[in-house]
Amino acid sequence: MTAIRSTRRILVVDNDAGVRKTIKEVLQVSKYQVYVAEGSGEALIKNARQLLVDSRCHLAILDLRLINDNDPEDWSGFALASDISKQYPWVSCMFLTGYGSFDLARRALAQNIAVDVARKDSSFNEIFRTVDQAFSKIRCRWDQELEPSNPEWDELLAPLKEQIPSPEIAQSEFAEVLGRLFPDADKLHLRKLSDYESAPSVTSGHSILLRVAAHQNGRWLEDVAVKIGSHDAIQREIVNYDHFVHNQIGDYRYTFRQSSASTWYLGGIVYALIGAEIDNTLTLQEYYRNTGDSDHRSLDTVLNTLFSRLFRRWYAEPKTVHINISSEYTTALGLNDTRLARLKNWGDDPEIQFAGISTPLPNPLVWIQHHGRNSDIETSQHIVHGDLHSRNVFVGPNQDVWLIDFERTGPGHCLRDYIELETDIKFSLMSAAIEQPKLFYAFETALLGQTRDGLKKAGALLPPALVRNHPEAHRAFTVITHLRQLATDRIRYPDLRDYFWGLLFQTVFVATLSNVSDATREQVKLSAALICQRLGDGIHLREPWPPKSKMALIKSKLTKKKTVPESRRVLSPKRKSNLALALQTTPLDIFCSYSHRDEKMRQELEKHLALLERQGIGVIWHDRKIDAGEPWRGHIDAHLKSADIILLLISPDFLASDYCYDIEMKKALERHDAGEVRVIPIILRPCDWQKAPFSKLQALPQDGKPVTRYRSRDEAYSNIVEGMWRVIEKMRAK
C-alpha cells in the first residue's frame, strides 16, 4: 500500500516584491510549496509564464494589475489569468488585489477566469483560508492511498517514460491524475488491463490501461476501466467519444464516459460498462487465452457481436472513395521517417534472406518505396475504432461486448478494424505459437491464398501438419478466417488486394513498436515480406499462390546418398525427426511428366489439384512454366532432381515419347528406388502400360482404370486427388 501525498504547488505573481515575499512566507510554512515570479513589468509576466510551466503549479495567485497599480485600465493580471485558463485548464487562478480593484476582480470571477479573490489588506489567516478554499475547488484527493497489484512503479509507469522528464515527476503526475479522477476516494486498488505492453497498438505504447476499484465512504465501489496517457491524447479521446461513440455504438450495453481529468503532463479518463460489472468481464485477450484451442464457436460469436451489432451504426452508411492505401495508413499509423528509422536493420537491399527459407523475399521497406504508388484503389470509408486490439474489448458472460479507448476513432478505411484485430491475433495472442520460420511461412501463405469467393464459401484450410501439431495456430487461423469472412461485404476485390494492402502497412507498423520481442519482430518482418510478394507490383498480384519456394532444409542431406531399396533403408532417430519436419513444413514439389498431346488432360488434372497449392501443401510444376528464352532441359533436370512427388501421365503418346520414357521416367524410377521421391503413374488413356517398368507401382485412378473410361472425367480426377491425399498424408506421418 502506497500513500501518495502530492505537494500542492503555488505560483505568486505580484509587482510588489514585499507582497511576494510575505505571501510566500505565510503559505510555505504549511503544506504548500510556493514559487515566486521575479522582475517588473513585462519581464515579470514573462518570468511568471515560464515559472508556471517549470514548477507545474496547481494554483496561480495573481495581482490584478501587474504593470501599474495606479492605472485603472491595467488589467494585465486578468489577461494573464485568462491565458492560463485557456492554455492550462487544470491550473486554477486566484486574484490578490488592492482596495480599488476588488470589485473588478469580483466581476472577473463571473467569467470563470479565477476561482476566488482576496484583498491584500486581509489578515494572514484570511489569505490562508482563501487559498484552502481555492484548492478545495480543484477537486483532487491529495493524500490518496494507492494499492497497485504490481508494486513495481517503474514497470507500471513504463509507458509514460517518453512523455515525462523523470520517474519522480511521472509518479507524482500519475498519482495526481488519479486523485482528480476519484476525488472522493481515500483508497484505490489498481490492476493492469491484461498484458497491454504486448499489444500491437497505435496508442498502448504511450498509455496505461487499468482496472480500478475505489474505496470511499467505507466501502469498495465497482471496478471501472481507466486510461491514462498524455493530456493531448486524452483530450482527443474525449472529443471522439462525444462525437462518434456516445449513443452511437451498442444498445442497452454500452460504454459510458464517467469522468476525465488532466495534469501538466497527463490526462485520464474513466469508463464504466453499462449492462455489466467489469469484474464479471474479461478482456478479449483474457477471453481468447482462457478459451480452449478446439473451441472456435464462442470466439466467432464474440466477433459477430462486435462487428455486426456493436458497430452496426458505424458501418451502416459507408462512403465510396478512391484513395491511396499507402498514404491512408502511413498517416493513420504515424509511419513517419522517425518511426521507420527503427527498422534500419532491415537494410536497403531489395530482397531479404530469412533463416530456414532458401528463396529470398522482398524487403518490405524497399518494396513500398517502389510500389506504394500502385495502392490507389476504390474502397469505402466509415467510422472505425482506429486501434482495435484485444485489450480494448471486454467480453461478458453471454459473449456481450464493450469497447474502450477511442483516441483514434473517426472516419477511416472500412477494413481497418478487421486488419488491426488480425495483426493482434497473429503477433500478440499467438506470438509464441509458431517459433520456426518454415512453420510460420506455411501459416502465412495459407492466409494469403484466400480469396473473397473462397471466404464466402468456406475459406482456405490450414496445412494438415499445422492442424495436428499446432492447435493454437489452427485456432488463430480459424479465427482470422472468420474475421475476414465478416469483412467480405466491405472487401471490393476478389483477390483481397484492398485487404492485403492495409494488412501490409499494419504489419510494418507492428515491427516499429518498442514493446515487441525480437522473435515476434522477425515473424512480423517475414509476414510483411510475404504480403509484398503476394501483392506482386500492386497492380498485378502474384499468381498462382503460394509461389514455388524451397526451404533451407535440403532434403538431399536428410536421406542417404547411396541407392538402396526402401525396405533396407534405415534412418537414425534424429534424421527421422528432421525428415518428418521437412515433410510437414515444406510445400511438396510435384513434377508432371507428360506428353504435350495430353496437355488438355494435364490442365484438367491441375485444376482438381489446385487446393493443394492454395493450402500451401504442394506446388505443381511442368515444362509449360519455363519462360521464353530459358534452357528447358536444364529446368526439367533440376525439377526432376528436387521433386518430392513425380506424376507420370500415362498414355500411348507418353509411351511413344523418347524423352518422357527414356529420360524422365527412368530418372524418376531411379530416385523412387533410392527412396528419394514418390512416383505415381496416372493412367490417362488406354495403353499397354502393364509391361512398362513403372507397372510395379500402384497407379491412379483406382485399379489403373484410364480416365477416359469414366463416364464423368470429374469423377476420375476426384479419384486421383483422393489417392494423392492418402499418399501425402502417409509421407507426412512417417
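Colleague: Why is aspartate 405 called buried?

Modeller: Its relative accessibility is 2%, and buried means under 20% relative accessible area, with exposed over 50% and partly exposed in between (1.4 Å probe, protein chains only). Aspartate 405 therefore counts as buried. Bear in mind that this is a predicted model, where local features need pLDDT of at least 70 and side-chain atom pairs count only at pLDDT 80 or more, while totals for chains, interfaces and linings use all residues. Residues are numbered from 1 along each chain as its sequence is written, and side-chain values use heavy atoms, with hydrogens and water left out.

Colleague: What makes the phi of aspartate 405 worth a remark?

Modeller: Phi is about 70°, a positive value, although aspartate 405 is not a glycine. The residue sits in the loop between β20 and β21 (410–413). Strands here are DSSP runs of E with at least two residues, helices are runs of H or I with at least four, and both are numbered from the N terminus.

Colleague: And glutamine 399, buried or partly exposed?

Modeller: Partly exposed, with a relative accessible area of 23%. Glutamine 399 also has a positive phi, near 65°, without being a glycine, and its loop runs between β19 (393–395) and β20 (401–403).

Colleague: What makes one face of α1 the buried one?

Modeller: The buried residues of α1 are Val19, Arg20, Ile23, Val26 and Leu27. Looking down the axis, they fall within an arc of 135°, so they line one face of the helix; the arc is that of the directions from the helix axis to the C-beta atoms. These residues pack against several elements, including β2 (8–13), α2 (41–55) and α5 (124–136), where contact means heavy atoms within 4.5 Å.

Colleague: Which residue caps the N-terminal end of α1?

Modeller: Aspartate 16, with a side-chain oxygen 2.8 Å from the backbone nitrogen of glycine 18.

Colleague: How do you know that the buried residues of α5 line one face as well?

Modeller: The residues are Ile127, Thr130, Val131, Ala134 and Phe135. They fall within an arc of 140° seen down the axis of α5, so they line one face. Among the elements they pack against are α1, β5 and β6 (116–119).

Colleague: What makes the contact between glutamate 378 and arginine 492 a polar one?

Modeller: Their side chains are joined at 3.1 Å. A polar contact is a pair of N or O atoms within 3.5 Å; within protein, one must be able to donate a hydrogen and the other to accept it, and residues adjacent in sequence count only if both atoms are side-chain atoms. Glutamate 378 lies in strand β18 (residues 376–384) and, at 38% relative accessibility, counts as partly exposed.

Colleague: Why is serine 527 called buried?

Modeller: Its relative accessible area is 0%, so buried is the word. Serine 527 is found in helix α21 (residues 518–535). The C-alpha atom of glutamate 444, 83 residues apart along the chain, is 6.7 Å from that of serine 527.

Colleague: What about histidine 622, buried or exposed?

Modeller: Buried, at 5% relative accessibility, even with a place in the loop between β23 (618–621) and α25 (632–642). Leaving aside neighbours within four places in sequence, histidine 622 is in contact with Cys592, Tyr594, Arg602 and Glu606.

Colleague: What makes a set of residues a nonpolar core?

Modeller: The members are buried Ala, Val, Leu, Ile, Met, Phe, Trp, Tyr and Cys residues joined through side-chain atoms within 4.5 Å. The largest one has 102 residues, and Phe307, Phe443, Tyr499 and Leu504 have the most contacts inside it. Helix α20 (residues 497–511) gives the largest share of this core, ten residues. Apart from it lies another core, of 27 residues, among them Leu588 and Tyr710.

Colleague: Which peptide bond is cis?

Modeller: The one joining leucine 700 and proline 701, with omega about -5°. Proline 701 lies in the loop between β25 (678–683) and α28 (713–733).
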